[in-house]
Amino acid sequence: AACRVIFGEADAFPGLTVDRFENLLVTQTLSLGMERLKDTLFPLIVEVLEEDGEKIDGLFERNDVALREKEGLTQGKGWFALPGKETPESPITEICENGVFYRVDVENGQKTGFFLDQKYNRRAAAQLATGKRVLDCFTHTGAFGLNCAAAGAASVVSVDVSEDALTTARHNAALNGLDGRVEYLCADVFDLLTKLAEQKRGAYDYIILDPPAFTKSSATVANAIRGYKEINLKAMRILPRGGYLATCSCSHFMTDDRFRAMLADAAKDAQVSLRQIEARQQGPDHPILWNVPETDYLKFYLFQIV
């Protein structure tokens, strides 16, 4: 069980997110108003979940984000004292998503411990993976690659520049009995794609690009577009005709119009055409509020190279 928990209206608790990782809740409080309410609200959230038969052992606060300072709040992280509950011994738990198991560290993992918003995109990507030679770029803790391996990919190479991330990814592969099915490579994805693009097409017939946000402000959008174009252009040059490309952006500053225009430019320069299979966004437990543009952030496309 892993999801973003929404109570009542999706925008009922502005400035607060609550993520559930099996037996642990993780919160991120970004507004002064929610900070003042949390002593009342957090125990009630646990109470509601337990009334529905869910087992919650603890609640961890991940308030180690600079945005809090704009509200006059300090940064920090740690366990929230829930009435009648002992503090859990460990911030590490295990979740299952799409039938794949992961080790999640809610104290030290990215964001609140795991990227929940790609759940259904991982499932969609895996549906194309059977029999394919997959290159999973920016794998982080291995999720896309593991979903593809579990779906019957012929081979999977998962790449990340962080050896710490790959250590977790290898552990996740072992959890699922897939450690012999996925190769992990510590490398700069930009450099790797450059080398592969210089070679003959055909080393991989499915490439997945799930990069971190290349821009976190409007001032750096132009640089971000160049970065996105570089990796997508090289992926298109590596893939054979009939190969598949999964590509995404998690920055709301990189709008869908900009992302699509970048992909069109990359395809033109790579001298290929794109057959769109799916256009997707984040999962429904990360709702898009039309009056809050920042919530419309994830773009995810599946293409065939033709």
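At what angle do helix 2 and helix 3 pack, and how far apart are their axes? The legends below start from there, and the model they describe is a predicted one.

**View 1. Helix 2 packs against helix 3.** Helix 2 covers residues 119-126 and helix 3 covers residues 143-150; they pack at an angle of about 40°, and their axes are 8 Å apart. That makes the two helices oblique to each other. Look at how they pass, too: helix 2 goes by helix 3 in a right-handed crossing. On the helix 2 side, the contact is made by N121, R122, R123, A125 and A126, while helix 3 brings in A143, F144, N147 and C148. Sort these residues by class and you get five nonpolar, two polar and two charged.

View 2. Reading across, the strand order is 10-9-8-11-12-14-13, and the pairing is mixed. At the edges stand strand 10 (182-186) and strand 13 (274-280). Each of these two has a single partner strand, so one side of each is left without a neighbour in the sheet. From one strand to the next, the twist averages 15°.

**View 3. Strand 8 meets strand 11 inside the sheet order.** Strand 8 (residues 133-137) and strand 11 (residues 206-209) run parallel, and four bridges join them.

View 4. Helix 5, residues 189-197, touches strand 8, strand 9 (155-160), strand 10 and strand 11. The direction of helix 5 makes about 145° with that of strand 8.

**View 5. Helix 5 also packs with helix 6.** Helix 6 spans residues 221-238, and helix 5 packs with it at an angle of about 35°, their axes 9 Å apart. This crossing is left-handed. From helix 5, the contact takes in F190, L193, T194, L196 and A197; from helix 6, it takes in G227, E230, I231, K234, R237 and I238. By class, that contact divides into six nonpolar, two polar and three charged residues.

**View 6. Zooming out puts the close-ups in context.** The protein has seven helices and 14 strands. Its C-alpha atoms fill a box of roughly 65 × 45 × 30 Å along the principal axes. For 306 residues, a compact globule would have a radius of gyration near 19 Å, and the 20 Å of this protein agrees with that.

Notes: Residues are numbered from 1 along each chain as its sequence is written. This is a predicted model: local features need pLDDT of at least 70, side-chain atom pairs count only at pLDDT 80 or more; totals for chains, interfaces and linings use all residues. Side-chain values use heavy atoms; hydrogens and water are left out. Axes are lines fitted to C-alpha atoms, for helices over the stretch in contact, and angles run from 0 to 180 degrees between N-to-C directions. Angles under 35 degrees count as roughly parallel, over 145 as roughly antiparallel, 65 to 115 as roughly perpendicular and the rest as oblique. A crossing is left-handed if the near helix is turned anticlockwise from the far one by less than a right angle, and right-handed if clockwise. Contact means heavy atoms within 4.5 Å. Ala, Val, Leu, Ile, Met, Phe, Trp, Tyr, Cys and Pro count as nonpolar, Asp, Glu, Lys and Arg as charged, and the others, Gly among them, as polar. Two strands pair if DSSP finds at least two bridges between them. The radius of gyration is taken over C-alpha atoms; the globule rule is 2.2 Å times the number of residues to the power 0.38.
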